[in-house]
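The sequence and structure come first.

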Amino acid sequence: MTFLRALLGLAACLGAMLPGPVCALDRSQLAVIVNVRDPLSVQIGEYYAQQRRIIFQNFIKVSFAPNRAMLTREDFEQIEEQVERQTQPVVQAYALTWAAPYRVECMSITAAFAFGFDEALCANGCKPTRRTPYFNSNSRLPFTQFRMRPTMSIAAQTIEDAKALIDRGVKSDGSQPKGTAYLVSTTDKSRDVRNAGYHQVDKLQTRGVRVRRIVRDELRDVADVLFYFIGKERIRGLETLGFLPGAIADHVTSFGGEMPKSGQMSALRWLEAGATGSYGTVVEPCALPGKFPIPALVIGRYLAGETLIEAYWKSVLMPGQGIFIGEPLAAPFRQRER
């Protein structure tokens, strides 16, 4: 409870700390990583590079046996070496193009690519891990400033699902959507660890985005979902929802980051239902709020014009065990170029 109180105390200051309109990450600073031994990865990478106009120097090819849930540290470091040889100095972030592997031993694969393999970002039991300096920072250049590259996986089981996800992200840019942030408190008390901070979202300048705090085990039959945060092992009713382009949704549970399937509910189900970004942990995190996105931070930074990858990453204090999935450059509240 001491850690939770400290985190909520931090959240209480968010209104003053959140940025005004920002210059967000752009396509020239994002590198796309494809596995040439995985045909779906190549298809996703090529489509994404086309739709986002990624320059060829930032199209990175690696080669490893695909579709494994986990990489060993040794396997990962061989892939990392391939990536580092091809990464241009301007690159500040990475996009992966596969759902599996999603884990590198005790870390998520997005954390491993962001920081390199680091056991300080793992936890043996219910313990905190090393914190990221990127958390709630105003940095636009994370590699330049912190020597880390935030990473997101464009995760999908089919090329059709991947194209739909990418198209939603592109369509969202500068759209200034008038949607709703649904903050749901449930009867699952072991996972409902973020509800104490939901009231902080009310304090944000919402730019037309409504905020609804609900006490219920699921959300159904609404067509304006821009944010949906909940704590529950499995979420019902996703097929009844309408997600706006650029929507973010996640559920606090132990193994939501397992893909394409999980013994609980995989975060991939959110993307298949129409969300543009989601998050889940790949190893047991325990119910430590700092290992999950803080809704007030995600929403506030997204509304300020940051990209999905920036807003999401900056909302997690200890991201070593969590995987970020979605379309990295989606930016519904970025000002359109004239």
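Which pattern do the disulfides of the protein chain follow, with bonded cysteines counted along the chain? They follow the pattern 1-2, 3-4.

The model is predicted: local features need pLDDT of at least 70, side-chain atom pairs count only at pLDDT 80 or more, and totals for chains, interfaces and linings use all residues. Residues are numbered from 1 along each chain as its sequence is written, and side-chain values use heavy atoms, with hydrogens and water left out.

**Disulfides**

A disulfide is taken as a pair of cysteine sulfur atoms within 2.5 Å. Two of them turn up in a search of the whole structure. Helices (H or I, at least four residues) and strands (E, at least two) are DSSP runs, numbered from the N terminus. Buried stands for under 20% relative accessible area, exposed for over 50%, and partly exposed for values in between (1.4 Å probe, protein chains only).

The link of Cys106 and Cys122 is right-handed, with 60 degrees about the S-S bond. Cys106 is partly exposed, at 23% relative accessibility, whereas Cys122 is buried, at 12%.

The other disulfide joins Cys126 to Cys286, with an S to S distance of 1.9 Å. The torsion about the S-S bond of Cys126 and Cys286 is about -60 degrees, which means that the disulfide is left-handed. Cys126 is exposed at 58% relative accessibility; Cys286 is buried at 14%.

**Around Pro128**

Pro128 also lies in a loop, the one between helix 5 (109-115) and helix 6 (142-146). Its relative accessible area is 53%, so Pro128 counts as exposed. Neighbours within four places in sequence aside, Pro128 is in contact (heavy atoms within 4.5 Å) with Ala123, Leu288, Lys291 and Met318. Pro128 and Lys291 are 163 residues apart in sequence, yet their C-alpha atoms are 8.1 Å apart in space.

**Helix 9**

Is helix 9 mostly covered or mostly open? Helix 9 (residues 295-303) is mostly covered, with nine of its nine residues buried. Among them are Pro295, Arg301 and Tyr302. After helix 9 comes Gly305, which has a positive phi near 110 degrees.

**Salt bridges**

A salt bridge here is a side-chain nitrogen of Lys or Arg within 4 Å of a carboxyl oxygen of Asp or Glu. The whole structure holds 18 salt bridges.

| Pair | N to O distance |
|---|---|
| Glu233 and Arg191 | 3.8 Å |
| Arg220 and Glu218 | 2.6 Å |
| Lys314 and Glu306 | 2.9 Å |

Glu233 and Arg191 are among the residues of a salt-bridge network that also includes Asp188 and Arg234. Glu233 is partly exposed at 26% relative accessible area, and Arg191 is buried at 18%. Arg220 is partly exposed at 34%. In the salt bridge of Lys314 with Glu306, Lys314 is buried with a relative accessible area of 0%, and Glu306 is buried with 3%.

**Backbone exceptions**

Most residues other than glycine have a negative phi, and most peptide bonds are trans. The peptide bond from Ala100 to Pro101 is cis, with omega near 5 degrees; Pro101 is in the loop between strand 4 (93-96) and strand 5 (103-104). Met259 and Pro260 are likewise joined by a cis peptide bond, with omega about 5 degrees, and Pro260 lies in the loop between strand 11 (243-251) and helix 8 (268-273).

Gln176, which is not a glycine, has a positive phi near 50 degrees. Gln176 sits in the loop between helix 7 (159-172) and strand 8 (180-185) and is partly exposed at 25% relative accessible area. Asp221 has a positive phi of about 55 degrees, again without being a glycine. Asp221 is in the loop between strand 9 (210-215) and strand 10 (225-230) and is exposed at 62% relative accessibility.
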